[in-house]
Amino acid sequence: MMIFFGITLTFLSFLFIQSINKRFNKIKLDVIIFPSLIIVGILYYFNIDFETYNQGGHYLSMLIQPATVALAIPLYKNKKIIKKYAYTIMGSILMGTLIHALSIWILSILLKLDRQMIVTIIPKSVTSAIAKDLSVNFGGIQEITVALVIVTGIFGSMISPFLFKVFKVKEKGLVLGVGAHAVGTSTAIKMNEKEATMATLGLILTGLLTVILMPLFVLLFT
Amino acid sequence: MKIIKQSIVLLIFTVLGTLIKQILPIPIPGSVIGLACLYFALDFKFIELDDVETVGTFLKDNMAIMFVPLTVAIMTVFDTLKLNLVQLILVMIGSTTLTMITVGLVSNFLNKKEKPL
């Protein structure tokens, strides 16, 4: 029974936020953070523990895997775009990954976070499955990494329209994929096929590059 | 029938990715390996777009809702987060913003150079 509770509660909160977005043209509430806040509120109010909710909820989390596999479809359909923008893609992702690690290091030192925290934070811009493994492998705190991954994805998606306007960004999908991983990709999917493709590439390549560079980051920054 | 067939194909690639992950020495998630396998299977015409497209597109278009339970899960680690909450938020905001600006500016720059091609 509880399986249906978690799934239904998630669907209802999601539909509720979507209907608000549809009714009021000016409001664009984030469709991940606001349904989650409603659910947390309901769980607290009725004193239901997270495990009860997650009996159903984790089936939705499990679908992220086949959905990620399915991202091969826009990649395949837009093969030509990938070839055309190969240098832009590679260069931007390399710079993005380096600046990401570097800025975390500098900010962490300024804010007096310790070595373990730096290792915990650096994997945050990659998709949660990679981030979790990386964090554990290098002695970080897995739970904090996963929470940061999600928050990064949502925050990145939320500020993206503003950044695109201010910096006249053309490759919106790429920025979303590199900066906000799978959550950013889900935002880019709503734009068009090209941005979805670029976001997917950003997501995958940032992940791979972070896996490769992580030992170096740990050596240099801790 | 088509829906069931397509779901099976996607699940096979998901499982395949998870299996390959076990024998790789570096932490790459199974879903990313499955993605690569599906891409090459399409590219080498082992399977057609028609074998995956309807279900695949449905899944990828509805990814947002799949992240909701993971976001709710943050409430369970809030006690650990609380210790460094302000610093963590500041580092998150600063590094994410800087990274996205970097990618935006670098891609604008490289894009201009690539246009003549």
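These legends go with a few close-ups of a predicted model. Local features need pLDDT of at least 70, side-chain atom pairs count only at pLDDT 80 or more, and totals for chains, interfaces and linings use all residues. Residues are numbered from 1 along each chain as its sequence is written, while chains are lettered from A and ligands numbered from 1 in the order in which they are written.

**View 1. Helices α11(A) and α12(A) pack against each other.** Here α11 (residues 172-189) and α12 (residues 193-221) of chain A sit with axes 7 Å apart, at an angle of about 110° (helices are DSSP runs of H or I, at least four residues, numbered from the N terminus). That makes the pair roughly perpendicular (angles of 65 to 115 degrees). Residues of α11(A) including Leu174(A), His181(A) and Ile189(A) meet a set in α12(A) with Met198(A) and Leu203(A) among them (contact means C-beta atoms, placed from the backbone, within 7 Å). By class, this contact has 11 nonpolar, nine polar and three charged residues (Ala, Val, Leu, Ile, Met, Phe, Trp, Tyr, Cys and Pro are nonpolar, Asp, Glu, Lys and Arg charged, the others, Gly among them, polar).

**View 2. Chain A meets chain B.** On the A side 85 residues touch 67 of chain B. Those of chain A split into 54 nonpolar, 25 polar and six charged.

**View 3. Confidence along chain A.** Mean pLDDT (the predictor's confidence in each residue, from 0 to 100) is 89 for chain A, with 99% of its residues at 70 or more.

Terms used. Axes fitted to C-alpha atoms, helices over the stretch in contact; angles between N-to-C directions. Helix = DSSP H or I, 4+ residues; strand = E, 2+ residues; numbered from the N terminus. Parallel < 35°, antiparallel > 145°, perpendicular 65-115°, else oblique. Contact = placed C-beta atoms within 7 Å.
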